[in-house]
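Hi everyone, thanks for coming.

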Amino acid sequence: MTTAQIGNRVRVHYTGRLDDGEVFDSSEGGTPLSFTVGNGQVIPGFENGVIGMAPGDTRTVHIPCADAYGEHRDDGVLQVPRGEFPPNMPLEVGTSIQGQQSSGQTVNFTIMAVSEETVTLDANHPLAGKDLTFDLTLVSIEE
């Protein structure tokens, strides 16, 4: 039987959980995730978890943060003067916003705190610093 290897395009159903059991994402009841193994389209631990699976196989993989979204980096947290935001822009904790680096690259931020003087932004991925567990079901391998 054919098993998923680097270079194969695969379709996978998944459910992702945090260590406390909270489900943060799932494809169940929807369209399976499609990606090419080895192309870096998904986090390394997810990709490695699929290798060796045959269509119909299920597997649970525990992925340490280093093989997921990395450690939470303190240098990804910024305090920006509130005056640098448009006056009519709602600034609520937990809201995702986009900004641009001086190079022109777009960066996603999450608003962590708002005071009269500053807005604290976090450029880390929301799952940075967290170990993840995925239940995987390999749906198909595309030749």
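Quick housekeeping. This is a predicted model, so local features need pLDDT of at least 70 and side-chain atom pairs count only at pLDDT 80 or more, while totals for chains, interfaces and linings use all residues. Residues are numbered from 1 along each chain as its sequence is written, and side-chain values use heavy atoms, with hydrogens and water left out.

Okay, the core. In soluble globular proteins, nonpolar side chains tend to be buried together. When I say nonpolar core, I mean a set of buried Ala, Val, Leu, Ile, Met, Phe, Trp, Tyr and Cys residues joined through side-chain atoms within 4.5 Å. Buried is under 20% relative accessible area, exposed is over 50%, and partly exposed is in between, using a 1.4 Å probe and protein chains only. The largest core here has 21 residues, and the members touching the most others are V10, F46, V50, F134 and L136. Which elements supply at least two residues each? Those are β1 (9-18), α1 (44-50), β4 (58-63) and β9 (132-142). The largest share, five residues, comes from β9. Those labels are DSSP runs numbered from the N terminus: helices are H or I with at least four residues, strands are E with at least two. Apart from this core lies another one, of nine residues, including V80, V107, I111 and L121.

Now find F134 again, because it also turns up in the pocket lining, where a pocket is defined on a 1 Å grid over the protein atoms alone, as an open set of points where a 1.4 Å probe fits, with protein on both sides within 12 Å along at least five of seven lines, and lining residues have an atom within 4 Å of a point. The largest pocket has a volume of about 160 Å³, meaning the space filled by probe spheres set on the points, which are joined across faces, edges and corners. Besides F134, its lining includes Y14, F24, D25 and Q41. By class, that lining has eight nonpolar, one polar and one charged residues.

On to salt bridges, meaning a side-chain nitrogen of Lys or Arg within 4 Å of a carboxyl oxygen of Asp or Glu. How many does a search of the whole structure find? It finds two. In one, the side chains of D135 and R17 meet at 2.4 Å, N to O. D135 is in strand β9 and R17 in strand β1, so this pair ties together parts 118 residues apart in sequence. D135 is partly exposed at 27% relative accessibility, and R17 is partly exposed at 23%. The other joins R73 and D75, with the closest N and O atoms 2.5 Å apart; D75 is exposed, at 52%.

T36 sits in strand β3 (residues 33-36) and is buried at 13%. T36 and R9 are 27 residues apart in sequence, yet 4.1 Å apart in space, C-alpha to C-alpha. I141, in strand β9, is buried with a relative accessible area of 13%. Leaving out residues up to four places away in sequence, I141 touches T2, T3, A4, N8, R9, V10, M53 and P55, where contact means heavy atoms within 4.5 Å.

Terms used
Ala, Val, Leu, Ile, Met, Phe, Trp, Tyr, Cys and Pro count as nonpolar, Asp, Glu, Lys and Arg as charged, and the others, Gly among them, as polar.
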